[in-house]
Amino acid sequence: MTKAVSRDFCLKCILTFLLILSLVVASFVVVSFNPLALFTLEALGDMALYIARFFPPDLSVEFLLKVSTGLVQTFAISAVATLLAALMSLFLAVPAAGQMGQGVKVLTRFFLNFLRSVPELVWAVLMVLAVGLGPFAGTLALALHTAGVLGRLFGEALENHDPSAHLALRLAGASKAQALLYGTLPILGSRLLSYTLYRWEMNIRMATILGFVGAGGLGQILYYELSLLHEQQASTVIMAMVVLVVGVDMLSNQLRREQMHSMG
Amino acid sequence: MDTRFQDRDPAAKGRVLKACLLLAILWPTFDVAQFNVALAMTPGNFEVFTNFLSQFFPPSFQPDFLKMVLKATLETLAMATAGIALAMAIAIPLSLIITHSLSISRLGPASGHRAAQLARYLARMAILLMRGIPEIVWALLLVRVFGLGPISGVLAIAVTYGGMLAKVYSEILETENTRAARALLMLGSGRTAAFLYGLLPGASQELASYTVYRWECAVRASVVMGFVGAGGLGQLMDQSMKMLNGGEVSAILMVFLALVFLADSISLVIRRQLA
């Protein structure tokens with residue numbers, strides 16, 4: 001380097017830094033929380049006592065059986081919800097891509113945005129009201145939110161794909177539906193599938209906690225045991241959650257890496 | 001070779017077979033998920049739900065209630081900001097420990113090799129645990145120690161996002177150009193100096209931009225965490241929902257959507273500036 005790196009006085013940087021710092025401090029004031037208070041002897045002792053109550057985890061056979069049922073249920077909720085959402089999104093994607101007119105497109109997009117921006121847990125509370133406690137409510141809640149996400153992704157994929165196959169079929173006399181089914185979908189298929197699998201991965205994570213509002217799965221067991229102050233049972237459930245979440249994470253990372261290798 | 005005109009899809013057989021196979025695998029899961037559309041149509045459920053939904057309009061805009069919503073909104077933003085600040089404080093040392101490109105023992109035989117390896121392993125396990133447990137579970141656990149209110153929410157965000165940030169920070173630091181840091185380390189500089197002068201200049205933009213993105217996620221998450229009593233808009237929404245007050249729920253929902261939109265655009269603007 002011929003010239004020394006400029007170390008000019010940067011007023012903008014300093015102001016930005018001060019602004020962010022003051023906002024952070026203001027945030028701590030608003031929630032009236034002093035992080036240093038965590039490190040008093042008393043607070044540390046309380047925490048240690050609380051953590052000690054989670055050990056040893058309950059590994060009795062009957063409880064493990066219960067947890068594994070919850071695990072299977074969580075898995076089922078996520079699988080069914082993702083499947084339903086993918087099917088819904090296929091139908092919603094066509095109007096969302098503007099193939100049925102501009103007005104319908106705007107309306108569908110608005111609907112999809114709405115589905116997407118309401119969090120899964122809020123949907124779950126609503127669905128518990130609609131269909132009662134249990135995994136079905138969780139399935140519906142996840143499906144609604146995921147339909148919003150996938151519908152938008154599918155719609156964008158449909159809008160931006162290469163239309164030559166579609167056009168060729170249309171020019172050869174195929175109907176719009178036929179051109180979509182045999183021209184467009186085969187091209188987009190793998191992309192739509194990868195979007196769906198990606199959402200499934202996120203849904204597995206989400207399904208573990210939907211039970212907090214009574215929508216089935218591992219979360220419901222955890223909430224129940226914690227309400228009864230059964231910390232040892234709760235720690236078994238938490239361990240199952242970590243295994244599920246981390247396992248799915250590692251599996252998908254592995255698959256992604258393999259796919260990247262096979263694609264070069 | 002058969003050159004007859006084919007008016008049927010040549011791939012139909014395979015597709016139908018695949019679909020059937022998939023359905024056969026997935027069918028039991030429908031059972032486990034207790035999939036039953038008829039449940040929504042039972043008179044009790046249907047009535048309660050439609051009553052509740054019909055109350056959504058008009059949203060409740062009473063001054064008292066609005067004041068509460070405003071306070072909760074502020075609290076939500078503060079929770080996210082304070083949580084991310086703490087998460088950074090947790091993530092920076094952890095990521096410096098686990099980053100390979102800052103590892104002195106990788107350069108060659110060094111004293112304290114075993115201890116360094118052990119520290120790295122422990123840090124990795126801590127990160128795995130922190131981000132492996134969803135934030136709302138952390139919130140549920142912390143509410144029992146710190147009581148209802150935003151403090152548990154702040155700590156839950158700090159722990160979960162601390163783990164996520166630590167992992168991504170170290171990934172960013174490893175994919176950056178690491179030659180400068182390596183050269184510094186080989187010349188005998190300490191890890192901190194190698195980080196500050198060798199890695200940080202190249203990576204600071206990406207690090208900052210990812211942190212801002214996580215802040216946006218934290219705003220979203222802090223709403224949800226209120227459902228277990230960790231303060232903010234979520235707690236308010238939970239209360240209104242338990243009282244089946246549709247007008248209040250729809251008002252909070254609207255504020256929430258606006259807040260998420262706001263956080264989205266703020267984060268987008270900052271990240272554009274950084275890029």
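**Loops, packing and core**

Reply: A:Pro56 lies in the loop between helix 2 (41-52) and helix 3 (61-96) of chain A, where helices (H or I, at least four residues) and strands (E, at least two) are DSSP runs numbered from the N terminus. This is a predicted model, in which local features need pLDDT of at least 70 and side-chain atom pairs count only at pLDDT 80 or more, while totals for chains, interfaces and linings use all residues. Residues are numbered from 1 along each chain as its sequence is written, and chains are lettered from A and ligands numbered from 1 in the order in which they are written.

Me: ok, and what kind of peptide bond joins A:Phe55 and A:Pro56?
Reply: The bond between A:Phe55 and A:Pro56 is cis, with omega at about -5°. As background, most peptide bonds are trans, and most residues other than glycine have a negative phi.

Me: what is phi at A:Leu229, then?
Reply: A:Leu229, although not a glycine, has a positive phi of about 60°, and it is found in the loop between helix 9 (218-227) and helix 10 (231-262) of chain A.

Me: buried or exposed, that A:Leu229?
Reply: A:Leu229 counts as exposed because it has 10 C-beta neighbours inside 10 Å. The scale is that a residue is buried if 20 or more other C-beta atoms lie within 10 Å of its own, exposed if 12 or fewer, and partly exposed in between, with C-beta atoms placed from the backbone.

Me: and over in chain B, where does B:Leu244 lie?
Reply: B:Leu244 lies in the loop between helix 9 (232-242) and helix 10 of chain B. Its phi is near 55°, a positive value in a residue other than glycine, and B:Leu244 is partly exposed, with 14 other C-beta atoms within 10 Å.

Me: switching to packing: at what angle do helix 1 of chain A and helix 3 of chain B pack?
Reply: Helix 1 (residues 11-30) of chain A packs on helix 3 of chain B at an angle of about 120°, with the axes 8 Å apart; axes are lines fitted to C-alpha atoms, for helices over the stretch in contact, and angles run from 0 to 180 degrees between N-to-C directions. That angle makes helix 1 of chain A oblique to helix 3 of chain B, since angles under 35 degrees count as roughly parallel, over 145 as roughly antiparallel, 65 to 115 as roughly perpendicular and the rest as oblique.

Me: which residues make that contact?
Reply: Helix 1 of chain A contributes A:Leu23, A:Val24, A:Ser27, A:Phe28 and A:Val30, and helix 3 of chain B contributes B:Leu74, B:Glu75, B:Ala78, B:Thr81, B:Ala82 and B:Ala85; two residues are in contact if their C-beta atoms, placed from the backbone, lie within 7 Å. These residues divide into eight nonpolar, two polar and one charged, where Ala, Val, Leu, Ile, Met, Phe, Trp, Tyr, Cys and Pro count as nonpolar, Asp, Glu, Lys and Arg as charged, and the others, Gly among them, as polar.

Me: how many residues does the whole contact between the chains take?
Reply: It takes 44 residues from chain B and 44 residues from chain A. On the side of chain B that touches chain A, helix 3 of chain B gives the most, with eight residues, and by class that side has 35 nonpolar, six polar and three charged residues.

Me: what about helix 6 and helix 8 of chain B, how do they pack?
Reply: Their axes are 10 Å apart and meet at an angle of about 150°, which makes helix 6 of chain B roughly antiparallel to helix 8 of chain B. The residues of their contact divide into 16 nonpolar, three polar and two charged.

Me: and the largest nonpolar core, which residues touch the most other members?
Reply: Among its 134 residues, A:Ala124, A:Met127, A:Leu210 and B:Ile157 touch the most other members; a nonpolar core is a set of buried Ala, Val, Leu, Ile, Met, Phe, Trp, Tyr and Cys residues joined through C-beta atoms within 7 Å. Helix 3 (residues 63-98) of chain B gives the most to this core, with 16 residues.

Me: what does A:Met127 touch?
Reply: Not counting residues up to four places away in sequence, A:Met127 touches A:Ala137, A:Leu140, A:Ala141 and A:Ala215.
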